[in-house]
Amino acid sequence: MKSNPNYSPQSFSPQDQPGQGLNDGFHIIGSRPRPPLARVVTPPPSPPPAPPTPQRVQPEAAPLLRNAPAPEPTLAPEPTPSPHLLKRWGWPIAVTVLVLSTSGLGLMGAAMLLKLPTAPNCPGIFLPTASASMRLYCAQLAASKGTAEDLLEAVRLVQSLPPNHPLYPEIERYLEVWAKDLLLLGENKFQEGELNEAIALARQISHYFDNPTLIDETITRWQTLWDEAETIIAETLALRSEGAWGQAFQSAARLTRLDNRYFATKRYDELFAELTLAQEESKQLDESFAQLERGGLDNLLKAIAAARQIPPTSSAYKEAQTLINEAKKKLVALAMERLRKGNASGAMDVVNQIPAALGLNAEIRDLTTLADAATVASFGTQVNYEDAIATAQEITTTRPLYREAQELINLWRQAIEGGVRLDAAIALAREGSIRALDAAIAQARTIQPNTPRYVQAQNLIRDWSRQRDILADQPKLDEANRLADAGNLEAAIRQAQQINNGGLSSQAQRQIQGWQRELEAQETQPQLDRANALAQQGRYGEAIALLQEIPRNNRLYSEAQRRIREWQQQQSPTPTNNPPSASGPSLLEQAQQQAQAGTPEALQRAIAQAQQIARNSPQFGAARQNINQWSAQLLNLARQRASSSLSEAIAIARSIPADSASYDAAQAQIATWEAALSTEPLPAIPE
């Protein structure tokens, strides 16, 4: 990331800008132009006393500055021997004492001259007694370290000197430089993100400026820029919480345009990293929420595992915890749904896969208890339901799944009540009459949905309704069959059309279709017979013209078209126009002789014999007509046999060939007889 180009620290060193104030136009006290500062040096120590000479001066105190004038020396009187000493000790001893004292004084003076001066102890300086030069020296030494604490210490050392002091102009100039250095340090702290420290430092030096608004305006500039940065960060975080990632990154980039190194570099990098991580975690949570919405055990477990990977320090942590809590509820609800359906093993499969870290130990114990109860209830007897209720009642009001346990208890109580009602309905249906079946159906319909007996009740209602419809429609269908047997097909069709729905409606429709085809055949058969007669006489053209009048929707249309093609081939001079085989009439004749017996077996042999006649034989049409006639006789024989044996009637009807006119009616009749054979008493529910 690039640093802010607008930021450029300035040097406020007095050596770089001698005699000048702050570059921003504000002035510090005493900021008038001055010549460069004179270097303040360590104050000189007092000179050692000179060795004793006949005319030696007594030293005074040292001056504060290097160029200060020294006080005038005063002459000391030369030592003279005491007259009393001379009288008492004599001249030799007096001279000896004088020489020794003079030599000692000389040696002391030389030692004092050779001794080096000691540096001032600035840390232990005592301001009330320290000289101005000593204060200025220690202040310079502290300010040279360049820290805020040392610069403030430098100011403290010299700020109490009175304006009339000889060194005050120099001290005032140094105060100006140090104040600018302190303000620059405050600016650096602000650029490093230390707003409070920068403001505190600026306020400590505010009284050193002759313009009191300088510090306030500087602090205001800092605070305004800081508030702008905080606003940008807050807007970015709000966009992050809304999932507007593109706008969030654009908002964060506004920090790089601020005139602050901390926000433009470090804070922007941190915010960019936070947004990137939050975006990745949000994508991960989006997939987890999709899995949560889809539901199912596998999806819920995957969603929980992904959400648990979000650390507490993440911005998505709260959202992840919301997902986990919702998934926990769905896991419990999934197990309860399976228990309501009687699937105790499926419920335990959910329980066994619930992670221990979710803290659902109490719910797991309750689900295990309810699964045991549901297992007992699955046997379906009244005693089993009562035992299941007793087990579920172990879950008291203080347990987390108490409400769910009460739902199952009510469900099993309804199962007991429904079993009683269903037993009564079954007992009514055993009578088998329409009235009894209606009463049984009404009783079974009182069993409420979502109860254990509801599905069984619906199955019985469906069976009883079909049985009732058969009983109600059978007389109508029997009457229709009687009319058809009597040859009154139109009346048979009208009778069967009264059966609109119910157990025999499909059978009635099939028989109606068969009778309609028989009617068509009866209406068209004379035309077909006339054409066959013409063809036997060799009048193929007239025969073909007669069959071409049969409409496409007629049942005999396909047969007419087949014969037309055969006769057209016989008209052509191809080798296929050969004389018919001599065995043709013999086969038809044999078949007619077989059919004269009138028994089902004789008719079946006659049909088989006639089916052997070749299609190109002139007798083929007559053979087909005889086959249709014998098939109708077989169907009548089957219906007559049905009064004594349905199985024998079905066997006779099945021998009717598929290409005969009576085939569809025979199949419909077979379905009716087979349904009657399969009707058995309904089983009772287990006690």
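## Close-up views of a predicted model

**View 1. Buried residues of helix 10.** In helix 10, which spans residues 297–307, the residues Leu297, Leu300, Leu301, Ala303, Ile304, Ala306 and Ala307 are buried. The structure is a predicted model.

**View 2. The aromatic pair of Phe190 and Trp226.** Eight aromatic pairs are found in the structure. One of them joins Phe190 and Trp226 in a tilted arrangement, with 6.5 Å from centre to centre and 50 degrees between the planes. Phe190 belongs to helix 5 (residues 168–191) and Trp226 to helix 7 (residues 213–242), so this pair links distant parts of the chain, 36 residues apart. Phe190 and Trp226 are both buried.

**View 3. The aromatic pair of Trp226 and Tyr262.** Trp226 also forms an aromatic pair with Tyr262, and this pair is stacked: the centres are 6.2 Å apart and the planes are 5 degrees apart. Because Trp226 lies in helix 7 and Tyr262 in helix 9, the pair ties together parts that are 36 residues apart in sequence. Trp226 and Tyr262 are each buried. Ring pairs link Trp226 and Tyr262 into a cluster that also holds Phe190, Trp222 and Phe263.

**View 4. The contact of helix 7 with helix 9.** The axes of these two helices, helix 7 and helix 9, come within 11 Å and cross at roughly 10 degrees. At that angle helix 7 counts as roughly parallel to helix 9, because the cut-off for this term is under 35 degrees. On the side of helix 7, the contact is made by Trp226, Ala229, Glu230, Ile233, Thr236, Leu237 and Arg240. Their counterparts in helix 9 are Tyr262, Phe263, Arg267, Leu271, Glu274, Leu275 and Ala278. By type, the residues of the contact of helix 7 with helix 9 are nine nonpolar, one polar and four charged. Two residues of this contact, Trp226 and Tyr262, form the stacked pair of the previous view.

**View 5. Ile426 in helix 15.** Ile426 is placed in helix 15, which covers residues 402–429. Its relative accessibility is 4%, so Ile426 counts as buried, the cut-off being under 20%. Ala436 is ten residues from Ile426 in sequence, and the C-alpha atoms of Ile426 and Ala436 are 9.8 Å apart in space.

Notes
Residues are numbered from 1 along each chain as its sequence is written. This is a predicted model: local features need pLDDT of at least 70, side-chain atom pairs count only at pLDDT 80 or more; totals for chains, interfaces and linings use all residues. Side-chain values use heavy atoms; hydrogens and water are left out. Buried means under 20% relative accessible area, exposed over 50%, partly exposed in between (1.4 Å probe, protein chains only). Helices (H or I, at least four residues) and strands (E, at least two) are DSSP runs, numbered from the N terminus. Rings of Phe, Tyr and Trp (its six-membered ring) pair if their centres lie within 6.5 Å; planes under 30 degrees apart count as stacked, over 60 as edge-to-face and the rest as tilted. Axes are lines fitted to C-alpha atoms, for helices over the stretch in contact, and angles run from 0 to 180 degrees between N-to-C directions. Angles under 35 degrees count as roughly parallel, over 145 as roughly antiparallel, 65 to 115 as roughly perpendicular and the rest as oblique. Contact means heavy atoms within 4.5 Å. Ala, Val, Leu, Ile, Met, Phe, Trp, Tyr, Cys and Pro count as nonpolar, Asp, Glu, Lys and Arg as charged, and the others, Gly among them, as polar.
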